[in-house]
Amino acid sequence: MKRLRRSLLIISGNNPKHIQDAPVFDPDVVIFDLEERVAAPDKDSARNLVREALSFLDYSQVEVMVRVNPLDTEEGQKDLDRIARVKPGALIIPKANEQVIKQAEGLLTKIEKEEGFPEGSIEIIPILETASGIENINQLISSSPRVTGLWFNGEGLMAEFGTQRTKEGAELYYVRGRVGIACRAAGIDAIDTIFSDGNDYEGLANDASAARRLGFTGKLALDGRQVDTLNTIFQ
Amino acid sequence: MKNILGREIPDYIEGYGEVKPFMGAFANYGERAKASVTLRSVKPGEKKLLASIEEALDKVGLKDGMTLSFHHHLRNGDYVLNQVMAVVAQRGYKDIHVAATGIFPIHEPLVDYMKKGIVTKISVNYISPGPVAKAISQGLLRHPAVFMSHGGRPRAIESGDLHVDVAFIAAPTADAYGNVNGVGGPAACGTLSYAVADAFFADKVVAVTDHLAPYPACPIEITQDFVDYVVQVDSIGDANGIVSGTLTVTKDPVGLRIAKMAAQLINEAGYIQNEMSFQTGAGGTSLAVAAEVRKYMQEKNVVGSFAAGGITGYIVDMLNEGLFRNLFDVQCFDLKAVASYRENPRHQAMSGSLYGNPHDKGAIVNNLDVMILGATEIDTDFNVNVVTGSDGVIMGASGGHNDTAAGSKIAIIVTSLTKGRLPVIKDRVTTVTTPGETIDVLVTERGIAINPRRKDLLEKLKDSDLPIITIEELKKISESLTGVPETIEFTDRVVAVVEYRDGTVIDVVRQAKE
């Protein structure tokens, strides 16, 4: 049976309490973020914390993914090397393109061999957050058999445009449609961008429903309060 | 000796006296007598209005060793306790027993009086974490502090166990002949319920006010026949100080999850029904339970009989929405509650005795269906600690905890499974405040434990999709997250006696080793 990725709860990799509590909300996926949610001076300690959490805490009821720093940075290289060795379900790669994913593929194959993990057991979720990434979506999807889903980052795209997202999300209509169709055609998960107002449950439900209608299979959850809504909408 | 819960307590405690051991939550009922009151009757034409607190101390004949009482409706905005005790200290009195219903950080000057032997004993029902609690923990008080419950204190006063020589009533409004209310004046704080037993049973009663109203100061809550003197001061306190603590529904996802599960349990257990009664504390998670219960009540078109306790604006909204017919209010937690109490006759005051005294003819807690409570620690026998923290330092007192747990049909503890990276569930709590026989359910973010005594609940919820497991299993989960903490070491010195609501000693707090 295909595993569900309806709700993907994103947690700062530098917050021990949140790391510990994440599974209690029953998300399908917990994402430990080492990139945006961790300040530069804390990157090392966050990496160690996530590594320890994956080694010792019980996440048997959820799928665990880790968002690493961009692979063209030293932090990104360290993230991949240290985290892949404790075998997360998937690594989430920012600023992804075909070349970056191929590089990640090679590194993961090497680590899996060294650690005695089955080859291909660590999946890759590229983040789609640039216009060129969207234009080359099919190459990205086919760049590695490890790619089992795409995370569309609407905020990232709007930053490239020099504008901001609206709650209604009309500006994302075309892109969401394109991502939804490409992922559906490739048989992988389409993961929608975050809805950043944690207090607006109705807005979240509207945004998630719109994404679902355009082919998305799940959506990021800002915190535990959003999980139930997403699990209901993406059933 | 050991009491029925197996807690080691001395037979006799210097500065406290003979110890009556706790024998069970419902072991101590039956025929009771109330203490008689000595008073000085007032001739027609006599005046009660005095110029200063100094004059009041002269009139009441203050002596070393006397018991002075105070109430805490102005909470962390109260000036009266400090004003009176400053004069007591200035005049060099010694060995004073401060019997306050609540102590807050604003009462820090007490620490200095403790060091100087001016104050050598404190009795209290509620104490906020802060300098006074810390000083008691450190053994700065000559005699042990006595922690009572909100119902236990009026019981002690009415029975004569706690004799008050002079009661000082912080009166937001008073007239010159001693009629008092809490709804007018710059420091309006709403009900004055905790002061009622003091006013009725103290030898002398002094109303301290900053708002002298023309006679009669209606609507009167404490009437002139109980008041000896009235003193006018510049200010009795800051009404904004009553808004202390969290008074809004939490946004913390863990707290919300706990609240959601607690409300589902209440619903599935059959308590969401017409005529239901409900009480919750003012913490963010407790109010989140109220918010979830509110949804069930709306969905099912349920009208409850009453909500009770310290009242917040949130509960006032539920009253105004028609979800409850009445409120019983023992203290207003915010200014919206004060306004509601002033304006809405369905928002009733209840004295501390009416609220929770186990030895009167039936307290309001006896009519309570659902009670939501917090805990610092809970043990596998469901005994609850709200007095001492994980370091053995005093951080609270019972308040209405053990009164409401005993009276309600279902007492539910809501808490996260770990606090400050320490497990909440222990084999033995550091200090017992509320006996496990009166606690029915523990709801945490990782599971729910039902007290095995509640076979009816276990049976009713056996097909529920709620994550119901044993408290031992929950303890194992929490320890898998935090490990087992080291035991705190204590000296033999008793720094506080914890009385159960019936006046028996349920536990003592010993001074923690440095």
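A: P219(B) is found in the loop between β11 and β12 of chain B. In this predicted model, the peptide bond that joins C218(B) and P219(B) is cis, with omega about -5°. A cis peptide bond also joins Y215(B) and P216(B), where omega is about -10°. P216(B) too is found in the loop between β11 (204-209) and β12 (229-232) of chain B.

In chain B, 10 strands form an open sheet in the order β3-β12-β11-β8-β4-β5-β6-β7-β27-β28, and the pairing is mixed. Its edge strands, each of which pairs on one side only, are β3 (49-50) and β28 (505-512) of chain B. Elsewhere in the order, strand β6 (residues 119-127) of chain B runs parallel to strand β7 (residues 145-147) of chain B, and 2 bridges join them. S123(B) has V146(B) as its bridge partner in β7(B).

Helix α1 (residues 53-60) and helix α2 (residues 80-90) of chain B have axes that come within 10 Å and cross at roughly 65°. α1(B) and α2(B) therefore count as roughly perpendicular to each other. Their crossing is right-handed. On the α1(B) side the contact is made by I53(B), E54(B) and L57(B), and on the α2(B) side by Q83(B), V84(B) and V87(B). By type, the residues of this contact of α1(B) with α2(B) are 4 nonpolar, 1 polar and 1 charged.

Taken as a whole, chain B has 14 helices and 28 strands. Its C-alpha atoms fill a box of roughly 70 × 55 × 45 Å along the principal axes. A compact globule of 514 residues would have a radius of gyration near 24 Å, and the 22 Å of chain B agrees with that.

Chain B also touches chain A. The contact takes 8 residues from chain B and 8 residues from chain A. On the side of chain B, helix α7 (residues 253-268) gives the most, with 4 residues. The residues of that side divide into 4 nonpolar, no polar and 4 charged.

The partner chain is built around a barrel. In chain A, 8 strands form a closed barrel that runs β1-β2-β3-β4-β5-β6-β7-β8, with parallel pairing. From one strand to the next the twist averages 25°. Strand β5 (residues 123-128) and strand β6 (residues 149-152) of chain A pair in the parallel sense over 2 bridges. In β6(A), F152(A) is the bridge partner of L128(A). Helix α8 (residues 173-186) of chain A packs on the sheet and touches β5, β6 and β7 (189-192) of chain A, its direction making about 175° with that of β6(A).

One loop residue of chain A has a backbone angle to note. K95(A) is a residue other than glycine with a positive phi, near 45°. K95(A) lies in the loop between β4 (90-93) and α4 (98-115) of chain A.

Overall, chain A comes to 10 helices and 8 strands. The C-alpha trace of chain A spans about 45 × 40 × 35 Å along its principal axes. For 235 residues, a compact globule would have a radius of gyration near 18 Å, and chain A, with 16 Å, agrees.

Key:
Residues are numbered from 1 along each chain as its sequence is written. Chains are lettered from A and ligands numbered from 1 in the order in which they are written. This is a predicted model: local features need pLDDT of at least 70, side-chain atom pairs count only at pLDDT 80 or more; totals for chains, interfaces and linings use all residues. Two strands pair if DSSP finds at least two bridges between them. Axes are lines fitted to C-alpha atoms, for helices over the stretch in contact, and angles run from 0 to 180 degrees between N-to-C directions. Angles under 35 degrees count as roughly parallel, over 145 as roughly antiparallel, 65 to 115 as roughly perpendicular and the rest as oblique. A crossing is left-handed if the near helix is turned anticlockwise from the far one by less than a right angle, and right-handed if clockwise. Two residues are in contact if their C-beta atoms, placed from the backbone, lie within 7 Å. Ala, Val, Leu, Ile, Met, Phe, Trp, Tyr, Cys and Pro count as nonpolar, Asp, Glu, Lys and Arg as charged, and the others, Gly among them, as polar. The radius of gyration is taken over C-alpha atoms; the globule rule is 2.2 Å times the number of residues to the power 0.38.
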